[in-house]
Amino acid sequence: MDPSTSAPPDGGTVEASPAGPPQEDRKARIARYVALFAMPFLMVTMMYATYVGTMHAPAPRDLPVAVVGAGPAAEQLVAGLDAAPGGTVDARLVATEDEAVGLLKDREIAGALLPPAEAGGTATIYTANAAGASQASTVQQVLAPVAVEHEWRTSVEDVAPLADGDMSGTAVLFAGMGMMLAGYVPLSLMTMSLPYLLRLRRFLPLALGWSAVTSTVIWTILGPVVGAVDGHYLQFLGIGMLATGAVALTQLLFTKLVGPLAVLFGMLLWVVFGMPSSGLSLSIHTMPGFFQFLHGVLPLPAAGEALRSLLYFDGRGLGSHLLTLAVWALAALALCLLKERRSGHAIPAAPAVDGPGEPLPALAGGPVRAPRTRYVAAVLFPLSILVAVVGLMGASMHKPEVRDMPVAVVGATEQQARQAVAGLEPSLGAMFDLRPVDSVREATAQLTDQEVAGAYVLPTATGGGGAELLTASAAGPSQQTILRSVFQQVAEKQETALETTDVRPLTGDDTMGSNSLYVAMSWIMAGFLIMAVLRGGAPELRRFRQFLPLLAGWAVGMAVWLWFLFDVLIGAVNGHAGVLIGAGAATIFCVALAAGAFTRTIGLAAIVPVMIVLMLLGVPASGGGLPISMVPDIFRTLQDVLPLPAAVDIARSLVYFDSTGLGGNLLTIAAWGGAGLVLNLLADLWLAHRARQGKGIPAEVPRAGAPGKAEQAGDEEQREDAALAGSAAAS
């Protein structure tokens, strides 16, 4: 049959071309472009609608706590806690301290209150930081007011403290994330380039070996390298193999049911739903009821809780979490086997493939690259993402220590302030960069300009009888907590009372101070993803001028949509619509230019380093999670260079700091865009040179017939890149 007149496999129409392979008709091309833009739109929307919706203003819901004691007084305390508005607390009465501690270690309760034996005594609040630092903090916020109401002093006892190497409690978070990524990411690449491996008889031994290798890599990074995990290798390996295997088999099932669209289903289940329901970053008792249900069902929560049981609770409750993972693995295995026997295909609507030399025409569009290249890519691509996520995040956040946090010390005169600084530096000099200031007004201005994290006002400068601490929770609630804790002790040593004033408080729609981080990350991800997807799915776009109108429209459209999503639909970001949309569009556009310079020229190999630079390095450097003074010095340097920190500060400054620093941050974003513009123009010259030599990307997308050798290689390269864009973004 003449290839110029043959019908394409999907039933669409083609136009004959006397000078080359048949081309798409107009409707088919429009449909393809709609699908290309829909993929990153859905990914960004799913992820950040869920994260912002669940985490912008978390509040306790049915927080399980215990009151230790017996008799009418204890029963009255339980009734009072249960009567808290909004169903905040689910209280119970226990007879002894040992029983309360046992329930805490079994994680059946989040905290306990032991009333004093006599009026005016000291009540004890029992917590377990190893069950979640945010949960322990929530318990104190709920139970401390009860003690204040009864005029009791309080002490806090941590019955399950975190290890010295994991002071933030994030080791289980990054380990669990790594296990999910290890099970999820490889399937996208294998679907496009190694489909014959998706037969169960081939996939099972590969999955077994892969899960053992990746679990060992995760343990090695978090253990000997980072120092967040101490020992427990064999048990860690077992949990990791079960968790990774469960996710891999379930993702294989999705692939057998919906083919390449499985990347969206996997992202929704493992990342979008998995993170809020895991309880690994925020207490599950602050999440909506749907996510509390998912906590007992999904693999990521099960893996995280299993690791907590192993590392901090002597294995208590480990069995139930392993059972959850085993059920996922066995159910997915059985359904995969049933699907294979009924359909006979590894992937829907695709012919059987039995070896590495056979392509998958319905998806890959022609002969594939050499088997060795595809095998190496199938290993190195997901492994590099795994190492980057677990390594960078674990190293930057596992042991936050305050170093050189800028704090103003305010005296009635500059000389008095200098004397106070000299007196405080021997004990606080390693933690704080103390700066003498001679007026409260100047200290407040520096705080508003984010030049200092707080200001300690000496009693003589307040004009009253005590000291005052000026803070800005909008710059980070964890930063404010540290300042309160330290300078309360300073005031006590000076035998003076301390009053705290929040100069720039968080809004009720942003109680965690995380909105600016999520807004900025959504902009960065939208910019990176569009170029990754276009690089993979639109190889006919060869010149930079062809990208410009698409990128401009995408940037404006996504900026408007994300503002509408966060402000109107969720209600987490209020006001500043015009500037937020403009800044968002500029960030998305400039990031797309920068990312495109590398995805257009390098292709698949560029996805991981671009993701590392634009996203992974930017998170600790942004101060959006941990204060910048609590991460390693390298990230403080990157704060003034990377686009994500600039975008975080734009969103934060607009809402809380009267647009302070907006110009400098926009200049940083523009610099990335300018560099991307220049590199894209150079890429045009380089790609044109390769085209003259008969290499590189084909100018058109063949849909039928037998394309030439160079065209086949380029077309296959593009499609493999498209299959990986979503997996990389989900990490």
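Strand 3 (residues 63-68) and strand 4 are paired in the parallel sense over six bridges, where helices (H or I, at least four residues) and strands (E, at least two) are DSSP runs numbered from the N terminus, and two strands pair if DSSP finds at least two bridges between them. Within this pairing, L63 has V89 of strand 4 as its bridge partner. This is a predicted model, in which local features need pLDDT of at least 70 and side-chain atom pairs count only at pLDDT 80 or more, while totals for chains, interfaces and linings use all residues. Residues are numbered from 1 along each chain as its sequence is written, and side-chain values use heavy atoms, with hydrogens and water left out.

The open sheet to which these strands belong has five strands in the order 4-3-5-6-7, with mixed pairing. Strand 4 (89-94) and strand 7 (153-158) stand at its edges with a single partner strand each, so one side of each is left without a neighbour in the sheet. From one strand to the next, the twist averages 25°. Helix 2 (residues 72-82) lies across strand 3 and strand 4 and runs at about 165° to strand 4; axes are lines fitted to C-alpha atoms, for helices over the stretch in contact, and angles run from 0 to 180 degrees between N-to-C directions, contact meaning heavy atoms within 4.5 Å.

T324 counts as buried because its relative accessibility is 18%, whereas A326, at 23%, counts as partly exposed; buried means under 20% relative accessible area, exposed over 50%, and partly exposed in between (1.4 Å probe, protein chains only). Not counting residues up to four places away in sequence, T324 touches G296, V297, L298 and A302. The C-alpha atoms of T324 and L242, 82 residues apart along the chain, are separated by 10.0 Å, and A326 and A243, 83 residues apart in sequence, lie 8.2 Å apart, C-alpha to C-alpha.

T448 lies in helix 16 (residues 440-448) and is buried, with a relative accessible area of 11%. Leaving aside neighbours within four places in sequence, T448 is in contact with V503, R504, F657, D658 and T660.

## The second largest cavity

A search of the whole structure finds three cavities of 30 Å³ or more; a cavity is a set of points, on a 1 Å grid over the protein atoms alone, where a 1.4 Å probe fits but cannot get out, and lining residues have an atom within 4 Å of a point. The second largest cavity holds about 60 Å³ of space, a volume being the space filled by probe spheres set on the points, which are joined across faces, edges and corners.

Its lining consists of V519, W523, A559, L562, W563, F566, V573, L580 and I581. Helix 19 (515-537), helix 20 (544-569) and helix 21 (577-599) each supply at least two residues of this lining, and helix 20 gives the most, with four residues. By class, the lining has nine nonpolar, no polar and no charged residues, where Ala, Val, Leu, Ile, Met, Phe, Trp, Tyr, Cys and Pro count as nonpolar, Asp, Glu, Lys and Arg as charged, and the others, Gly among them, as polar.

Terms used. On a 1 Å grid over the protein atoms alone, a cavity is a set of points where a 1.4 Å probe fits but cannot get out, and a pocket is an open set with protein on both sides within 12 Å along at least five of seven lines; lining residues have an atom within 4 Å of a point.
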